[in-house]
Amino acid sequence: MSRPRLVIVGAGIVGCALADELTERGWTDVTVLEQGPLFAAGGSSSHAPGLVFQTNPSKTMTEFAAYTVRKYTELGEHCFRQVGGLEVATTPERRHDLHRKHGWAESWGVEARLLDTAECLELWPSLDPGKVLGGFHVPGDGLAAAVACGQTQAERAMERGARFLPGHTVVGVEQRGGRVTGVAVASGGEYRTIPADVVVCAAGFWGPSIGKMAGLSVPLLPLAHQYAKSGPLKLGEEGPILRHQDRDLYFRRHGDRIGIGSYAHRPMPVTQDEIGSRSTTMPSVQAFTEEDFDPAWRDAVELLPVLAESKYEDGINGIFSFTPDGFPLIGEAPHLDGFWLAEAVWVTHSAGVARALAEVLVDGHSRIDLHECELNRFEQVQLSPAFVEERGRQNFVEVYDIIHPLQPMESPRPLRTSPFHPRQRELGAFFLEGAGWERPHWFEANVPLLEDLVRRRREEYAEVPEESRSAAVEPVLGAAQRDEWASRYWSPIAAAESYATRESVALYDMTPLKRLEVSGPGAAAFLQRMTTNNVDKKPGSVTYTLLLDVKGGIRSDLTVARLDEDTFQVGANGNLDLDWLSGHAPGGVRVRDLTPGTCCVGVWGPRARELVQGLTDMDLSHKGFRYFGCKSGYVGQVPVLALRVSYVGELGWELYTTADMGLKLWDTLWAPGLAVAAGRAAFNSLRLEKGYRLWGVDMTTEHNPYEAGLAFAVKDDKDFVGRDALTKDVSRKLVPLLCTEVVLGKEPVKHAGRTVGHVTSAAYGHTVQRPIAYAWLPIDLTEPGTHVDISYFGRRVPAVVAAEPLYDPGMEKIRR
């Protein structure tokens, strides 16, 4: 079997790790280009302090780090010293958050424990006992010697046939017919082209410059970060690497000195033109600015009083990379086949990212879900230099902050708004942000509905004592089942909006959901091949279906509406679906993003037909407009495409129109006075009651349809991508849990004291009047009635497996 000619740009730790992983898999025609010397080449790897902390809110990032620890440990002590990791809390808020972090470690399989003050002092005797309230200890964390790790992996790759060429500066990316053909380099005053079938850019903070040569915008911001060492000190045995996140500091030992890294200073972005212009010893190291580090030094001395015996020295401002969302950039350029990126990767995740990309290149898929890291996840608006810089700066500032899972970025906002936005503001919408979109989560205008809901509930219990009457209101609102954390970015108004949806009719802004048009003579055959369900139905049909990868993992879930013989509207999850379908579309099939020029309102509830029928020329009777059907018509003067689908489990339609008619559509639906506006908080509660999955949260490429409870969306009698890899024999399932308390997601689920799974989505179910959490559990624990526990900030939250759906199992409401 022939192997492709592969060129890696950059011999930092990522490029070296990738060369090792690829050659181990038999791809030995690998050339690694480095503009600097080998192996302290001058990039971030050359100055990196090498701290590897594994635990992360992202399962993917944790698994990257865990593999990095395993691999570098096997390389030897000159590459990795497993001294452990310790995070200390000096505030009650941080101590509380360490319990959350411990939950992540349990969920993702990382050995960890929480420590009291005395136990922290045993590991770091230099700590001020009056400052430390407790800690979080991971014995498997440690120190990676980045240059040695790179060199050792490079030597292994060279033994298998790889070439490493120092002093070779990339000056161009050659291409022909939309495919990469080679890399133009300058070396020793001479220019030549190195042919390549595949090029991987692992150039670190030079990535945007290399990407530009390939016609690609790389959303990466180089930022300088301060690191200094103390003078010689009398210290005992080496302890674990240490983080003092309350002051944006970390520490490690250098023999008899302590290294101190700080994120507490102002963001210091560095443009591509500036790299090297203010350097001292190498391009990645800029002159140290003492005025920025002095406050950090004072904070360091406060935590470690022994530092007062010395003064900091050998300080650097070292450059490394940030992206708008803090995740790496892994994947193939959308418009240049064969040009790949492995960028914005820190030493912590280097081996894990390299393995994942090698698996994708060689096998066509990674064992680890990569959707958070895929290059093409960003919308076009998120690629602007101004956006990349502003979000990169903010990510630097918040790198050690305690972040709530719903907490949005502060700026730039608003960036993307639906045509309904002016009316939503008038109704007092509380907005959060997703993919740049302003998304209302509840509306202050619905406070009277909330008051009416409470009044009605109290009247139902008019004959009971006052304390019982007050207690009867709580299950409706769900407020009593929320702690302070679960009450953030939430309002009891969501209860009123949920009830309004179940009892009357509500309008939901669905504009932020990605909409694609797939058209052309081969569109039906193409979608049949790409998706699991039968979409080759008559025009006017809507089909729920899945996109799988080649190993049968769920890449996405879609709704596919057939508008005519050769035109389909696809409801997708994001830009990755556009990239996947566009990348596989044959000649004659066009995949087009409709989202910016269109909008959508979900009209859902038992009175939805009553509201819309009086405004439209379409027959909305159950017989005239069947469930999972679609029609074009008018609502008032507004041309719409109507899909009879519902993500809240009630009768209703999604109504699509062009952006210029969106406000008119909203006002037309609002005029009769029947509807209320409802937000994402109510939506999430209602969809969990109905058991509707959220891709990227409840299921990813690491799960197949049978495990995820989506077997109904798979037609075995047709051929589709991933079909041959599917198996109906499952060892785990996604199931609903009814809990005693609202949790946030990602918490470990335990049975008989053992961690057996983790929570995906969670919310309060206002209709079932119970907190709901969906979780992945072993098959033997998925029978309804099975009792488990959720570990929530270290507290035991009892839960029981329930049968799904929790609401309207007979589908009577949605099909009326």
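In this predicted model, the buried residues of helix 9 are Ser350, Ala351, Gly352, Val353, Ala354, Arg355, Ala356, Leu357, Ala358, Glu359, Val360 and Leu361.

Just after helix 9, Gly364 adopts a positive phi of about 90 degrees.

Two of the covering elements, helix 1 and helix 3, also meet each other. Their axes come within 14 Å and cross at roughly 75 degrees, which means that helix 1 lies roughly perpendicular to helix 3. On the side of helix 1, the contact involves Ile13, Ala17, Asp20 and Glu21, while helix 3 contributes Tyr67, Lys71 and Tyr72. The residues of this contact comprise four nonpolar and three charged, with no polar ones.

The view may now widen to the whole protein chain. Its secondary structure amounts to 19 helices and 41 strands. The radius of gyration is 28 Å, close to the 28 Å that the globule rule gives for 816 residues, and the chain is therefore as compact as a globular protein of that length. Along the principal axes, the C-alpha atoms fill a box of roughly 80 × 70 × 50 Å. Of the 816 residues, 59% are buried. Among contacts between residues at least 6 apart in sequence, 71% join residues at least 24 apart.

Notes. Residues are numbered from 1 along each chain as its sequence is written. This is a predicted model: local features need pLDDT of at least 70, side-chain atom pairs count only at pLDDT 80 or more; totals for chains, interfaces and linings use all residues. Side-chain values use heavy atoms; hydrogens and water are left out. Buried means under 20% relative accessible area, exposed over 50%, partly exposed in between (1.4 Å probe, protein chains only). Helices (H or I, at least four residues) and strands (E, at least two) are DSSP runs, numbered from the N terminus. Axes are lines fitted to C-alpha atoms, for helices over the stretch in contact, and angles run from 0 to 180 degrees between N-to-C directions. Angles under 35 degrees count as roughly parallel, over 145 as roughly antiparallel, 65 to 115 as roughly perpendicular and the rest as oblique. Contact means heavy atoms within 4.5 Å. Ala, Val, Leu, Ile, Met, Phe, Trp, Tyr, Cys and Pro count as nonpolar, Asp, Glu, Lys and Arg as charged, and the others, Gly among them, as polar. The radius of gyration is taken over C-alpha atoms; the globule rule is 2.2 Å times the number of residues to the power 0.38.
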